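Student: Before we discuss any labels, could you put the model up, and then take me through what each label rests on?

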Amino acid sequence: PEHRHRRRGAGGGAGGAAQREELEHEQDLLAAAAADAAAPPPPPSELTFWVVTSLFLVCSVGIALVVTDLGLVLSVVGATGSTTVSYLLPGFCYFRLCPRKRSPMRLLALLQLALGCIIMPGSLALIFAAGAGER
């Protein structure tokens with residue numbers, strides 16, 4: 001029964017050296033993976049930059065030509081932006097980052113996230129219904 005409590009490789013010798021080498025190899029792999037994860041992604045190519053910039057410009061000009069009421073645009077931006085910042089992001093971040101899986105606070109964060117998923121489409125529907133009623 002006494003031999004069961006000894007760690008593997010505790011007696012030294014070739015087995016202990018092999019374990020140490022394997023452990024050092026695993027640590028090197030983990031360090032390399034961490035360095036790769038911390039490295040910033042390469043910048044986009046010049047073609048990608050111009051395509052994305054042109055798309056943003058064309059979409060912005062198209063919206064500016066179609067929309068006659070700036071109040072509607074500001075309402076949509078407010079409904080989506082404020083709901084995202086006030087409900088969705090805090091709920092999502094706390095839910096993902098909370099270390100205790102069965103915490104009541106984690107459940108409340110999930111509830112806040114769900115509430116944001118209800119409030120945003122509801123407010124957008126009210127904005128567009130009011131805009132359609134004015135026409």
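**Reading the labels**

Tutor: Met-120 touches Ala-79, Thr-80, Thr-83, Thr-84 and Leu-88, leaving aside residues up to four places away in sequence, where contact means heavy atoms within 4.5 Å. This is a predicted model, in which local features need pLDDT of at least 70 and side-chain atom pairs count only at pLDDT 80 or more, while totals for chains, interfaces and linings use all residues. Residues are numbered from 1 along each chain as its sequence is written, and side-chain values use heavy atoms, with hydrogens and water left out.

Student: What pLDDT does the chain average?

Tutor: The chain averages 84, and 86% of the residues score at least 70, pLDDT being the predictor's confidence in each residue, from 0 to 100.

Student: Why is H3 called roughly antiparallel to H4?

Tutor: Helix H3 (residues 70-97) and helix H4 (residues 104-133) pack at an angle of about 170 degrees, with their axes 7 Å apart. Angles under 35 degrees count as roughly parallel, over 145 as roughly antiparallel, 65 to 115 as roughly perpendicular and the rest as oblique, and the angle of this pair therefore makes H3 roughly antiparallel to H4.

Student: What makes up the largest nonpolar core?

Tutor: Six residues do: Ala-79, Leu-88, Leu-113, Met-120, Leu-124 and Ile-127. A nonpolar core is a set of buried Ala, Val, Leu, Ile, Met, Phe, Trp, Tyr and Cys residues joined through side-chain atoms within 4.5 Å. H3 and H4 each supply at least two residues of this core, and the largest share, four residues, comes from H4.

Student: Why does Ser-75 count as partly exposed?

Tutor: Ser-75, whose place is in helix H3, has 31% relative accessibility. Buried means under 20% relative accessible area, exposed over 50%, and partly exposed in between (1.4 Å probe, protein chains only), so Ser-75 counts as partly exposed. Ser-75 and Ile-127 are 52 residues apart in sequence and 7.0 Å apart in space, C-alpha to C-alpha.

Technical notes:
Axes fitted to C-alpha atoms, helices over the stretch in contact; angles between N-to-C directions.
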